[in-house]
Each structure stands twice: as C-alpha cells, then as structure tokens.
Amino acid sequence: MGVDGAIGDEGIRRRGCSCTKDDFLPEESFRSWANYVQALRETPSRFMDRVLTRSLDSTELQEIKARSQHEMKKNLSWWDLIWFGIGAVIGAGIFVLTGLQAKEVAGPAVVLSYVVSGVSAMLSVFCYTEFAVEIPVAGGSFAYLRVELGDFMAFIAAGNILLEYVIGGAAVARSWTSYFATLCNHQPDDFRIVVHSMPEDYGHLDPIAVVVVSIICVLAVLSTKGSSRFNYIASIIHVIVILFIIVVGFSKADTKNYSNFSPFGVRGIFKSSAVLFFAYVGFDAVSTMAEETKNPGRDIPVGLVGSMVITTAAYCLLAVVLCLMQPFQQIDKDAPFSVAFEAVGMSWAKYIVAAGALKGMTTVLLVSAVGQARYLTHIARTHMMPPWLAQVHPKTGTPVNATIVMLTATAIIGFFTDLGVLAELLSISTLFIFMLVALALLVRRYYVSGETTTADRNKLITCIVLILGSSIATATYWGLSDNNDWIAYVITVPIWFLATLGLRVFVPQARNPKLWGVPLVPWLPSASIAINIFLLGSIDGPSFIRFGIWTVVLLLYYFFLGLHASYDTAKESGENKIGDGWKKVEEGVVSTEAK
C-alpha cells in the first residue's frame with residue numbers, strides 16, 4: 001500500500017499510503033495561496049451551495065464509493081451482523097454505568113431507565129435500517145443525511161459521529177481497566193497514574209487503555225471478516241457470562257431491596273435514561289457495514305433489529321438482578337456486578353463476571369473500531385476530510401489510514417479523561433445524530449425533488465417545524481421546571497400529536513421504500529425525534545457547554561477547509577459528468593443548457 005505506480009503513458013500516479021500535500025489537500029482551492037484567498041472570498045456563495053445541494057442515492061453508491069480506489073469485500077451475513085450488534089452494544093454501558101446510575105440517580109428504577117432508552121434506541125434502529133437497506137454504503141448516517149438534508153447538515157452530523165466514536169471508545173477502554181483491576185484484586189487507580197496537579201476529571205492517566213486500543217487497532221486493520229470471527233467467539237463467551245449473572249444473580253435476589261423502588265422519582269428515571277443511552281451506542285456501527293453485506297435487503301433488518309431486541313432484554317434483566325442482589329446505596333460504581341457477587345458471599349463469581357465484562361468491552365472496542373473507520377472513510381470520500389483517509393488497502397480490503405487515525409484519537413482521550421465526563425458528552429452527540437436521522441427519514445418519505453408540489457413541500461416544512469418546536473419546548477420545560485409542573489405539557493404534547501397527524505393526513509408520501517420500510521410512518525420517526533430531544537433535556541449544563549465548544553471547532557474547520565474541499569470536488573465531479581459546467585448533479589438538477 002505504500003508503493004506508487006504509473007498508469008499509461010501519462011504517468012498518472014496511483015497513491016497508496018503516501019503522505020504528500022496532494023493526499024491531504026489536492027483540491028483547486030489549495031493549489032496556491034492566491035487560490036485559497038479567492039476561495040475564502042467566495043465562502044458565502046459556496047456555503048449556500050453546500051447547504052442547498054443534496055446528494056443522490058446513486059452518487060453515494062457509485063461515484064463516492066469509487067473514490068476509495070479499492071472495493072470493500074462483501075463477506076458479511078445477517079448472522080455476522082447480529083453478533084456484531086451484540087458485540088457493539090453490550091459493554092461498558094451495562095457493566096459500569098448501571099452501578100453509577102442505580103446508586104446516585106435512579107435507584108432500582110434504573111430498569112425503567114433502560115426501558116426508556118431502549119425504546120428510543122429501537123425507534124432509531126428502524127430509521128437506520130431503512131436507510132442502510134436503500135443506501136448500503138460505509139458512510140452510515142453521514143451518507144443518509146447528505147442525501148436528504150444536504151452537505152452542511154451532514155458535515156455537522158459527521159463531526160458528532162466521529163466525536164461519538166472517539167469518546168465511546170475511550171470510555172470503554174477506561175472501563176476495561178476498571179474490570180481488569182477487579183480481576184486482579186486491585187482498585188482501578190492502582191493501574192493508573194494519578195497526577196494531582198491536573199483537574200480531577202483529567203488527572204487519572206490510564207496507560208492500560210492505550211495498550212488495549214492499540215491491540216484492537218491491529219485486529220481492525222487486518223481483516224473485517226477476521227474481526228467478525230473474533231467478535232463472534234468473544235460474544236458467545238460474553239452471552240454465556242450474562243446468562244450466568246442473570247440465573248445465579250436471581251438465586252441470590254432479595255425482594256426487600258426493591259422496597260424503595262424509585263427513590264429519586266420520575267425525574268431520576270429520565271435523567272438516568274439520557275446517560276444510559278450510552279449503553280445502546282454501537283448499533284449504528286453495524287449500519288456502516290452495509291457496504292460489506294452480501295444481501296443488504298435481508299441481512300440488515302434481521303441483523304439490526306434482532307441484535308437490539310436481544311440487547312434490550314439483556315439490559316433490563318441485568319439491571320433487575322443487580323438491584324435485587326444489593327441495596328442500591330451499597331452498589332459499587334466502578335465494578336457493580338463483581339462487587340455485588342462478593343457481597344452475597346460468592347467471591348469466586350466476581351472473577352467470572354470481570355472476565356465476561358472484559359470480553360464484552362473488547363468486542364465493543366473492536367466493532368467500534370471497524371465502524372468508526374468506515375464513517376471516516378466515507379466522509380473523506382467527499383473530501384470534507386482529507387482524501388488520504390479514504391484509501392482502502394488493496395490486500396486487506398480495510399481502510400487502514402482511517403482506522404489508525406481514529407484509534408489514535410481514542411487512545412489519547414482514553415488516557416486522560418474520566419468516564420463520567422465521557423458518558424454524558426457521548427449521549428448528547430448520539431441523541432443529536434439519531435434525531436437528525438429520524439428527521440431525514442421523514443424528508444425522504446415525503447419529499448422528492450421535482451415531484452413534490454410546492455404546496456405539499458410547504459405543508460411538510462410546517463409539520464416538521466411544529467414537531468421539532470414542540471419537542472424542544474417539552475425538553476426545555478422538563479429540564480428547567482420543578483417535578484410537579486405539568487401545565488406546559490398540556491400545550492406542547494398536543495402540538496406534537498397534531499403536527500404528526502397533519503403530516504399523515506394532509507401530505508402524501510412521495511416515495512415508497514424499495515426493499516424494506518419503517519412501519520407506521522410518520523408516527524414512528526416523529527416519536528423518535530420527540531424522545532431523543534426529550535432525553536437531551538435531561539443532560540447537565542456542562543456537557544452542553546463541551547458540546548458547544550466542539551461544534552465551534554467543527555464550524556471553524558468547515559469554513560476554512562472542509563467547505564472549499566468538498567465544493568471543488570463536487571464541481572469537478574459535475575464537470576466530469578456533464579462536460580458543460582457544473583449543474584449540481586448531486587441534487588439531480590440539470591439545466592436545459594446541458595440537455
């Protein structure tokens with residue numbers, strides 16, 4: 001992959017893993033300082049173009065995919081996807097965050113928090129599945145949003161997708177250290193370097209997390225099918241351990257521990273569910289493997305929905321077992337299940353639990369590594385990120401550069417940052433992205449350029465604005481009001497209901513799914529939007545400040561680099577297709593001059 005060759009008499013270079021300027025900024029706007037200054041002057045017009053331009057399904061499936069030079073290998077079945085889904089999701093969330101949330105936020109009612117999060121995740125799974133079947137490419141939600149909401153919204157989502165994966169991987173890597181310490185009869189900080197001069201949330205340095213991420217990087221680079229086999233074996237062991245915890249845990253259950261079921265009230269349940277959404281993060285990584293799936297129309301729905309049903313059931317049972325084994329006040333925050341077995345006189349069992357947790361977190365890291373690299377690969381194919389990251393190795397069929405870059409960032413964040421900080425910031429990014437995907441599904445079903453009338457388009461916009469507005473108002477009121485206040489909900493909830501009903505009755509669907517479609521449209525995606533936004537209202541203020549800082553960083557990168565690179569790439573693509581100037585081929589709009 002590090003060899004350059006020549007093709008034909010013109011000596012066109014075919015790059016592998018070189019690191020020249022043209023690998024990172026090959027576009028016309030960056031050929032000289034004069035070109036760059038001119039591009040900056042055109043920023044307003046270029047920005048409006050990117051906001052209004054929407055990609056086509058065929059563009060994502062053919063032209064954009066071809067920019068990686070080599071095809072990803074189609075060798076995954078629905079069976080692989082189910083195990084990838086289980087491996088991607090069941091990890092640090094259930095084994096670490098359950099203890100923290102049960103002890104300090106929700107009490108035994110944490111099981112209801114998992115139900116709320118699970119319903120939200122399942123609604124998002126349905127939305128993802130329709131897109132993944134119709135547009136089976138490595139870009140996942142980035143590709144879906146490019147097609148339906150345009151380049152700019154896709155980029156904002158892309159930045160949060162990458163943040164989600166880096167933070168999620170870092171959180172799991174730090175949790176890996178916690179359970180490894182339990183396995184060795186030590187406290188987690190015994191294996192960390194405590195730097196007292198640094199802030200508390202960033203001063204517990206974790207070298208083991210870096211080592212674990214490095215090993216995962218090697219596995220992810222070598223082979224997707226090989227990763228699938230490893231994940232398959234590890235997940236089987238993981239499922240056996242989970243069954244052990246449930247069966248043996250129920251044998252040690254004490255119903256007295258459920259006497260104070262909801263000590264923190266309804267607010268605690270929803271606040272906990274917003275954070276525990278972290279436990280469901282990972283299924284979107286499975287959608288990025290659509291490009292490597294043998295039969296997307298059959299395999300993706302079975303794989304995604306099947307793995308989510310299994311996961312949700314397992315989470316609820318594990319949460320019930322934990323709170324029945326110990327009073328919630330005594331639950332350990334770092335390794336709750338291991339300590340719970342020790343508390344009921346089964347010290348030997350804590351080693352089985354810790355080993356199972358380590359297996360689970362290892363598979364989560366592996367599937368996350370595979371998924372995040374494919375996201376970054378597809379983003380780089382559009383040149384919003386350097387195209388060097390889009391290169392696929394000709395032998396392994398994996399995106400080596402993207403994998404190494406993403407996991408390096410994961411290792412750095414995991415080395416410094418505390419799990420609590422990571423979990424809440426991760427939930428914001430994830431809920432935001434899932435909300436956008438549900439919104440994009442509504443647009444996909446009810447709007448087709450050139451076919452939807454102006455009147456129907458305006459009705460669609462009105463209904464979507466009301467759905468979003470009422471959902472945001474409900475979430476804001478929930479976040480700011482007292483427990484007993486309910487008056488505003490009498491206004492906001494009926495507005496959401498009437499807006500969704502209006503969309504169902506007054507706006508005809510412009511497109512029907514070809515292979516598999518979300519049922520109960522528009523109710524299901526509208527409910528997904530409402531629940532995701534509502535859960536956002538339960539997250540603390542400092543996390544939103546960190547989210548805002550990250551968004552500002554994204555916008556600075558976009559306006560100074562990403563916008564101009566993607567604009568030039570789209571322009572060049574349009575000229576290649578039409579030969580008579582750029583006619584916004586990505587939007588499907590070709591002027592009469594080109595006909």
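Which side chains meet in a salt bridge at 2.8 Å, N to O? They are the side chains of D299 and R298.

## Basis of the report

This is a predicted model, in which local features need pLDDT of at least 70, side-chain atom pairs count only at pLDDT 80 or more, and totals for chains, interfaces and linings use all residues. Residues are numbered from 1 along each chain as its sequence is written, and side-chain values use heavy atoms, with hydrogens and water left out.

## Salt bridges

A salt bridge is a side-chain nitrogen of Lys or Arg within 4 Å of a carboxyl oxygen of Asp or Glu. The whole structure holds 15 salt bridges by this rule. In the pair from the opening question, D299 is buried, with a relative accessible area of 0%, while R298 is partly exposed at 44%. Here buried means under 20% relative accessible area, exposed means over 50%, and partly exposed is in between (1.4 Å probe, protein chains only).

Two further bridges belong to one group. R50 meets D49 at 3.2 Å, N to O, and D151 meets R146 at 2.6 Å, N to O. R50 and D49 are buried, and D151 and R146 are buried too. A network of salt bridges links D49, R50, R146 and D151.

## Helix α9

Helices are DSSP runs (H or I, at least four residues), strands are runs of E (at least two), and both are numbered from the N terminus. Helix α9 covers residues 151–183. Its expected span is 1.5 Å times one less than its number of residues.

Of the 33 residues in α9, 30 are buried, so the helix is mostly covered. Just after α9, N185 takes a positive phi of about 60°.

## Aromatic pairs

Rings of Phe, Tyr and Trp (its six-membered ring) pair if their centres lie within 6.5 Å; planes under 30 degrees apart count as stacked, over 60 as edge-to-face and the rest as tilted. The structure holds 29 aromatic pairs. One of them joins W33 and Y36, which are edge-to-face, with 6.2 Å between centres and 70° between the planes. Both residues lie in helix α2 (residues 33–41), three residues apart, or about one turn of the helix. W33 is exposed, with a relative accessible area of 70%, whereas Y36 is buried at 16%.

Another pair is F155 and Y558, whose centres are 4.7 Å apart and whose planes meet at 35°, so the pair is tilted. F155 lies in helix α9 and Y558 in helix α22 (residues 541–578), so the pair ties together parts that are 403 residues apart in sequence. F155 is buried at 3% relative accessibility, and Y558 is buried at 0%. Ring pairs also link F47, F152, F155, Y557, Y558 and F559 into a cluster.

## A charge over a ring

R267 lies over the face of W478, at 4.2 Å from the ring centre. The rule for such a case is that NZ of Lys or CZ of Arg is within 6 Å of the ring centre and within 35 degrees of the ring normal.

## Residue A349

A349 is placed in helix α16 (residues 347–381). With 0% relative accessibility, A349 counts as buried. Leaving aside neighbours within four places in sequence, A349 is in contact (heavy atoms within 4.5 Å) with F244 and F341. V339 is ten residues from A349 in sequence, and their C-alpha atoms are 9.5 Å apart in space.
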